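Good morning, and thank you for making time for this presentation. I shall ask you to keep the sequence and the structure in view while I speak.

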Protein chains: 2
Amino acid sequence: MNLKDYVKTIPDFPKEGIMFKDITPLIANGAAFRYATKQLADYALERDADVIVGPDARGFIMGTPVATLLGLGFIPVRKPGKLPRETHTETYDLEYGENALSIHKDDIKTGQRVVIIDDLLATGGTIEATIKLVEKSGGNVVGIGFLIELASLKGRHRIRNYPIHSLLVY
Amino acid sequence: MNLKDYVKTIPDFPKEGIMFKDITPLIANGAAFRYATKQLADYALERDADVIVGPDARGFIMGTPVATLLGLGFIPVRKPGKLPRETHTETYDLEYGENALSIHKDDIKTGQRVVIIDDLLATGGTIEATIKLVEKSGGNVVGIGFLIELASLKGRHRIRNYPIHSLLVY
């Protein structure tokens, strides 16, 4: 199965000059979505993950099925103001704009092996913030899995100290 | 397994007077999360779903594992400005505040049997908007599954013409 057949490139979204990768046709196709999440689950299993972490909101779409397939828990990294208990927060630069992300302080147990799952590696800002939040919480990031990597944006360099696995590279 | 053991009630979040149901302990526990998503998947199977729809963002957390467990596609209902292609949009009242949701016009095929999955039935505003978006797209809502229903808020009455299944009722 060639997953790229299910990804649409939308020019100038959400801003001029951005070639947006639209993964909605992939997740709307049962076979393609199952195939992609299964591949990411195989990666998380190989990395011996204790728990899956994913950033709001497309990281939830790819990450929670991985957790369920493996019978693992999922810990959400969310925009500030969404998590009701005490949080750590990190601000970061996006491919387009600026953002902040939070994690519950007590969601990760010290020493847990964490695999982070997200839909897209672009400049790496979201993932770098997510890594910092996991580490502040006492977790070990043992792997990072993406559906898509935009190689020209060199996000991989920014997180080069961690094992990375991307299903589709553009 | 008593799933209620994994749900925390947080008073006055995000606003005074709201008793917020925090599901993050449930999804962080692999066995509890798998058990909950499996029960919702059994319901979607019983309703003979063709596709799963879930609203941004906690509907992604509960809905995408259901889709993956069944090998079905998942269609996201998102806040405006997040979906890159042509959308239908509905505005609605929340338990706290106002919101709008969008769906890609062509994600659902005419006549498809749709099961909507979300974490919480409160006043029913989010789900009512989601139903309208599915029906505008030509889909048939054949079932709606929730992790939690807050019975005192009477959201069930608002969507009484549809089959509803809630795992936990408060």
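Predicted model: local features only at pLDDT ≥ 70, side-chain atom pairs only at ≥ 80, totals over all residues.

Let us begin with one residue, G138(B), which is partly exposed, with a relative accessible area of 22%. On this scale, buried means under 20% relative accessible area, exposed means over 50%, and partly exposed lies in between, computed with a 1.4 Å probe on protein chains only.

Residues are numbered from 1 along each chain as its sequence is written, chains are lettered from A and ligands numbered from 1 in the order in which they are written, and side-chain values use heavy atoms, with hydrogens and water left out.

Where does G138(B) sit? It is found in the loop between α4 (125-136) and β8 of chain B. Helices (H or I, at least four residues) and strands (E, at least two) are DSSP runs, numbered from the N terminus. Leaving aside residues up to four places away in sequence, G138(B) touches I108(B), K109(B), T110(B), G111(B) and Q112(B); contact here means heavy atoms within 4.5 Å.

I turn now to the sheet of chain B. What is the order of its strands? The sheet is open, with five strands in the order β4-β3-β7-β8-β9 and parallel pairing. Two strands pair if DSSP finds at least two bridges between them. In general, strands of a sheet pair through backbone hydrogen bonds, either parallel or antiparallel. At the edges of the sheet in chain B stand β4 (73-77) and β9 (164-169), each with a single partner strand, so one side of each has no neighbour in the sheet. From one strand to the next, the twist averages 20 degrees.

Within this sheet, β3 (residues 51-55) of chain B pairs with β4(B) in the parallel sense over five bridges. The bridge partner of G54(B) in β4(B) is P76(B). Helix α3 (residues 58-70) of chain B lies across β3, β4, β7 (113-121) and β8 (140-149) of chain B, and runs at about 135 degrees to β7(B). For such angles, axes are lines fitted to C-alpha atoms, for helices over the stretch in contact, and angles run from 0 to 180 degrees between N-to-C directions.

Next, the interface. How many residues does each chain bring to the contact? Chain B gives 41 residues and chain A gives 41 residues. Between them, the two chains bury about 2900 Å², 63% of it on carbon and sulfur atoms. Buried area is the accessible area (1.4 Å probe) that two parts lose on being put together, summed over both. In chain B, T68(B), P84(B) and R85(B) lose the most area to chain A, together 19% of what that side buries.

The rule finds two salt bridges across the interface. A salt bridge is a side-chain nitrogen of Lys or Arg within 4 Å of a carboxyl oxygen of Asp or Glu. R85(A) forms a salt bridge with D22(B), and the closest N and O atoms are 2.7 Å apart. Of the side of chain B that touches chain A, the largest share, eight residues, comes from α3(B).

Finally, let us consider salt bridges within a chain. Over all chains, the search finds 22 salt bridges. E90(A) forms one with K136(A), the closest N and O atoms being 3.0 Å apart. This pair links distant parts of the chain, 46 residues apart: E90(A) is in strand β5 of chain A, and K136(A) is in helix α4 (residues 125-136) of chain A. Are these two residues buried or partly exposed? E90(A) counts as buried at 13% relative accessibility, whereas K136(A) counts as partly exposed at 44%.

In chain B, the side chains of K105(B) and E86(B) meet in a salt bridge (3.3 Å, N to O). At 36% relative accessibility K105(B) counts as partly exposed, and at 60% E86(B) counts as exposed.
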